[in-house]
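Welcome, and thanks for taking a look at this one with us. Please open the structure below and keep it in view as you read.

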Amino acid sequence: MTGAKESESGKIRKEYRNEHNSVIEKNRKFSGILLEKLDDDVLNVNRIRQTMGATISQQHTIEEEIASHSKDDGHDTSAEAEENWHIASEYYKNIDTKAFRQYELACDRVKQFYEEQHEKQTVAYNIQARINFKTKTRARMSIWEGLEKLNKLLDDSDPDTELSQIDHAIQTAEAIRRDGKPRWFQLVGLIHDLGKLLYFFDSKGQWDVVGDTFPVGCKFSKRIILPDSFAKNPDFLNPLYNTKYGIYSKHCGLDKVMLSWGHDEYMYHVAKNNSTLPIEALAMIRYHSFYPWHQEYAYSYLMDEHDKEMLKAVQAFNSYDLYSKVDQTYDIDELKPYYLELIDEFFPNKIIDF
Ligand SMILES: [Fe+2]
Ligand SMILES: [Fe+2]
């Protein structure tokens, strides 16, 4: 009798456990869909912002761009904006209206996302994220296994999706290869988003994996997308962090600046610890979502001379990231041997710590 009772309660416990696991699985899949949709929305928005920027930047050098944008660093430009409100913007002349509609569709989701990201990316959170990174090994596998893992998890999350991480990785790498760029540059194309694995390890949501990045520990630039949402960030009112330089100093170099934690920063550390990739490649991985800097020229007062070179590299990479999502897809199995060799060339150890 007692045995029958126990087996009955064991059955109930098992059923409960199964149900509980299936809820967790459903939530994970749903979150995976959101992550991908959101990341695509963010890229759409950035594509349009870049189209707008490209119209005025065609004849400018990086030095001229930095100089022309630095005049409003750290002070309010609202008086200027007040005066010029009626002048039609030159920026919109060549805007692709189709792309602009996508922007509007993307806008609500992107807006909600940034409201959360801007509120939660604090200095305290970023220090903790770096401690977690250094004190834990989340997984041990090869780069290619990492790409497949990311692909599988996101594919599982939405069987009908046309989005695929491995397709985006290969498309970006192939576009760079097609243009005859160096092998290390091609490898950046392949692995630049691999840090999204973070989402399945120990992230708190989407806000600490994807989206544009920005420095924490100093005043949030008005050139970060949706800057008003920083008002809810606890650092916004902290006198240690809300001045122009905050915890940094003039032209200290971006290497000394703590950028908001996400797939870029995470993958930069993984690549730095495990590969022989050149510094330009590491900068491309680390700063590819730092749109306020590489697209809007914010924070030039924190840059050192070396960062000017890195900016050129990041900008060279950015177009491939944004515009290689074409209809053409590649036969992954056919290209796999080429990329396995490329990975081996720069990652001496096959199995690495993620
Ligand atoms: Fe990315
Ligand atoms: Fe990407």
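Here is a short tour, from the overall build to the annotated residues, the helix pairs and some backbone details.

This is a predicted model. The protein chain holds 14 helices and two strands, and 36% of its 354 residues are buried. Of the contacts between residues at least 6 apart in sequence, 81% join residues at least 24 apart.

**Annotated residues**

- An unreviewed UniProt entry lists a "binding site" annotation covering His168, His192, Asp193, His263, His288 and Asp321.
- Under "binding site", the unreviewed UniProt entry also lists Arg101, Asp155, Asp156, Ser157, Lys196, Gly211, Asp212, His288 and Ser289.

- His192 sits in the loop between H8 and H9, and it is buried because 27 other C-beta atoms lie within 10 Å, where 20 or more are needed.
- Setting aside residues up to four places away in sequence, His192 touches Thr172, Met284, Ile285, His288 and Asp321.
- Asp193 is likewise found in the loop between H8 and H9, and with 23 other C-beta atoms within 10 Å it is buried.
- His288 belongs to the loop between helix H11 (279-287) and helix H12 (291-294), and it is buried, having 23 other C-beta atoms within 10 Å.
- Not counting residues up to four places away in sequence, His288 touches His192, Asp264, Val314, Phe317, Asn318 and Asp321.

**Helix pairs**

- How do H10 and H11 run relative to each other? The axes of helix H10 (residues 263-274) and H11 come within 7 Å and cross at roughly 155°, and because angles over 145 degrees count as roughly antiparallel, that is how this pair is described.
- On the H10 side, this contact is made by Asp264, Glu265, Met267, Tyr268, Ala271 and Lys272, while H11 brings Leu282, Ile285, Arg286 and Tyr287.
- Helix H8 (residues 183-191) and H14 have axes that come within 10 Å and cross at roughly 110°, so the two are roughly perpendicular to each other.
- Here the contact comes from Arg183, Trp184, Gln186, Leu187 and Leu190 of H8, together with Tyr339, Leu342, Ile343, Glu345 and Phe346 of H14.

**The shape of H14**

- H14 (residues 332-346) has 15 residues, which at 1.5 Å a residue should span 21 Å; its end C-alpha atoms are 20 Å apart, in agreement with that.
- H14 also has a kink of about 30°, centred on Tyr338.

**Positive phi angles**

- Leu226 has a phi near 50°, a positive value in a residue other than glycine. Leu226 lies in the loop between helix H9 (198-201) and H10, and is partly exposed, with 15 other C-beta atoms within 10 Å.
- Tyr299 has a positive phi of about 65°, although it is not a glycine. Tyr299 falls in the loop between H12 and helix H13 (305-323), and counts as buried with 25 C-beta neighbours inside 10 Å.

Note on methods. Residues are numbered from 1 along each chain as its sequence is written. Chains are lettered from A and ligands numbered from 1 in the order in which they are written. This is a predicted model: local features need pLDDT of at least 70, side-chain atom pairs count only at pLDDT 80 or more; totals for chains, interfaces and linings use all residues. Helices (H or I, at least four residues) and strands (E, at least two) are DSSP runs, numbered from the N terminus. The expected span of a helix is 1.5 Å times one less than its number of residues. The bend at a residue is the angle between axes fitted to the seven residues ending there and the seven starting there. UniProt positions are given in the numbering used here, feature names are shortened, and annotations may be inferred rather than shown by experiment. A residue is buried if 20 or more other C-beta atoms lie within 10 Å of its own, exposed if 12 or fewer, and partly exposed in between; C-beta atoms are placed from the backbone. Two residues are in contact if their C-beta atoms, placed from the backbone, lie within 7 Å. Axes are lines fitted to C-alpha atoms, for helices over the stretch in contact, and angles run from 0 to 180 degrees between N-to-C directions. Angles under 35 degrees count as roughly parallel, over 145 as roughly antiparallel, 65 to 115 as roughly perpendicular and the rest as oblique.
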